[in-house]
Each structure stands twice: as C-alpha cells, then as structure tokens.
Amino acid sequence: MTKILTIILVFIGPIAFGQIVQIETFRLEKSGRFEDIQLDKMNFPIVQSENQKIDSLINNDLKNRFTNNEYPNATMDSALIKWADGQIIFLDFTVTFNQNGILSINVSAEGCGAYCTYWTEYFNYSTKTGKWLDISDIIDTTGTFKKMVFEDKVEQYNKARRNLKENHKDSNWGLSEDDYENTLEYFNECDNSFKLNQYALYADHIEIIEECWLPHVMKPSTPIIELKYKFSEIREYLKIKN
C-alpha cells in the first residue's frame, strides 16, 4: 500500500537578526501492521527559513543522521518511508531551543520487531550557517566543565550500582546472582565508555545525554543518568549567548 505523506506548517519563532525559522511537519502514515496500537503520531521535523541553502543543509543532514545515512541520495519523504518500513509505531519531535541562531530538536521514535524499542535522538544546528553544532561549539569541554560532568556521571552510576545491589537483595525483584552480575557489567561498560558529545539545549539549561542501553530482559534495571546544567550556573564556560 502506498504511504501518504502530508505536510503541516508550524510557526516556531524568531531568532537572531530577525530571521524567521519555521518547522514543517512531515506526517508519515501509520503502519497497517499495528492498527490495534493507539499511538497516532508519525511526525518528522523539516526546517524552513528565508534561506533555502541553509534549509537544505540542515534538512539533508537531519534526514541522514536520523536514518543512519542509509538513504543519502533519497528525498526526505522517500527516505522516511523506506526507513519506517512498516515497523515504526511512533515518530515525533520537540523543538527545545530556537534562539540566537541555534536550533535544538529532539526526535523520538518507537519501533517494533521481536520487542518494541523507544529512543530519542538529539540534533543541534546553526541556523546562520546550516552546520551541525558539536558540543564544543556550545561550551568549553576541555577543563572545569568536563570535570564537573564526569564527576556527576560517576556519582550517579555509583548510586545506580548501589540501587542494583539493594534490588538483588530484595526477593521481590527476583534478580538472580547471574542477572545481577550481568547487569552490573553493563553499568560498568556504560560508565567507562561515556563521552561528552550528545547534548540538548533548553530555554535555561543544557542537558548532557547519557543513555545506557540494556538487553530487553534487563530494561527494568536501566540506570537513569541526568546531567542538567543551568546556563546561569555555567555562564563562564559557555560559547553562546543565552
């Protein structure tokens, strides 16, 4: 069955120098395989401003990053249809920051195979140049700020380990010795492999993204690591206006 893609214009707001950024919503038709599931959001963001060259740079990069560069030469609608391939039950986005020439968008999706998996990806662009913004373009990551983030990350993983140990002792959790050891190993791998690169901007803070992916049977033990820093408290490290 041919999928239908509709476009909705949503006004987002002004940025620096009076330029207007709008977000078009590509609405992808829901898969017929999951008609019994009530989720009805299948939306993907498309940037539209007064500069078509910048729009093209952002939209093409956004499409390729989100689809793991599987369809680099395909149009947006064609790439999304191929990528969804009847397995995606949810697709939506949130614009979390849109000022001073910077656009920050979170795109969330849920796909179902043997199990259903939900995830969010984070995209940050300059609306002045159309270029992807690394975290080092936003904040100084070479010194004190980096040290602070890593210390907070270690503290939270240590707390997660303590909680896991307590759950192992609690018979109501049913966490066997093997389950405990295997989950702890995943915690340690996530902790040791952490890199200061994924982030999202919000009106008053930056969030450093740390996600520890566990196998499906271990999902209830997934550690929640929150690394949020108010602009007012890290102003000396920022490279952007806020």
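Between which two strands does the loop that holds Asn 100 lie? I began my notes with this residue and found that Asn 100 lies in the loop between β4 and β5.

**Ground rules.** I am working from a predicted model, in which local features need pLDDT of at least 70 and side-chain atom pairs count only at pLDDT 80 or more, while totals for chains, interfaces and linings use all residues. Residues are numbered from 1 along each chain as its sequence is written, and side-chain values use heavy atoms, with hydrogens and water left out.

**Overview.** I listed 4 helices and 9 strands in the chain, taking helices (H or I, at least four residues) and strands (E, at least two) as DSSP runs numbered from the N terminus. Read from the N terminus, the elements run β-β-β-α-α-β-β-β-α-α-β-β-β. Of the 242 residues, 45% count as buried, where buried means under 20% relative accessible area, exposed over 50% and partly exposed in between, with a 1.4 Å probe and protein chains only. I also noted that, among contacts (heavy atoms within 4.5 Å) between residues at least 6 apart in sequence, 56% join residues at least 24 apart.

I looked up strand β4 (residues 88–99) and found 9 of its 12 residues buried, so β4 is largely enclosed by the rest of the structure. It pairs with strand β5 (residues 102–112) in the antiparallel sense over 10 bridges; two strands pair if DSSP finds at least two bridges between them. Within this pairing, Phe 90 stands opposite Glu 110 in β5. The hairpin has 2 residues between the strands, and Asn 100 takes a positive phi near 55° there, although Asn 100 is not a glycine. At 27% relative accessibility, Asn 100 counts as partly exposed.

**Another positive phi.** I recorded Asn 69 as well, a residue other than glycine with a positive phi near 60°. Asn 69 is found in the loop between α1 (52–66) and α2 (76–84), and at 45% relative accessibility it counts as partly exposed.

**The sheet β7-β8-β9.** I traced an open sheet of 3 strands in the order β7-β8-β9, with antiparallel pairing. Its edge strands are β7 (199–201) and β9 (227–230), each of which pairs on one side only. Strand β7 and strand β8 (residues 205–208) pair over 3 bridges, and the bridge partner of Leu 201 in β8 is Ile 206.

**Helices α3 and α4.** I then followed helix α3 (residues 144–169), which lies across β8 and β9 and runs at about 140° to β9; axes are lines fitted to C-alpha atoms, for helices over the stretch in contact, and angles run from 0 to 180 degrees between N-to-C directions. The axes of α3 and helix α4 (residues 177–193) come within 11 Å and cross at roughly 175°. That makes α3 roughly antiparallel to α4, a label used for angles over 145 degrees. Among the residues making the contact I noted Val 154, Tyr 157 and Leu 164 of α3, together with Tyr 180, Leu 184 and Phe 187 of α4.

**Asn 158.** My last entry concerns Asn 158, whose place is in helix α3 and which is partly exposed, with a relative accessible area of 32%. Asn 158 and Asp 191 are 33 residues apart in sequence and 9.3 Å apart in space, C-alpha to C-alpha.

Conventions. Angles under 35 degrees count as roughly parallel, over 145 as roughly antiparallel, 65 to 115 as roughly perpendicular and the rest as oblique.
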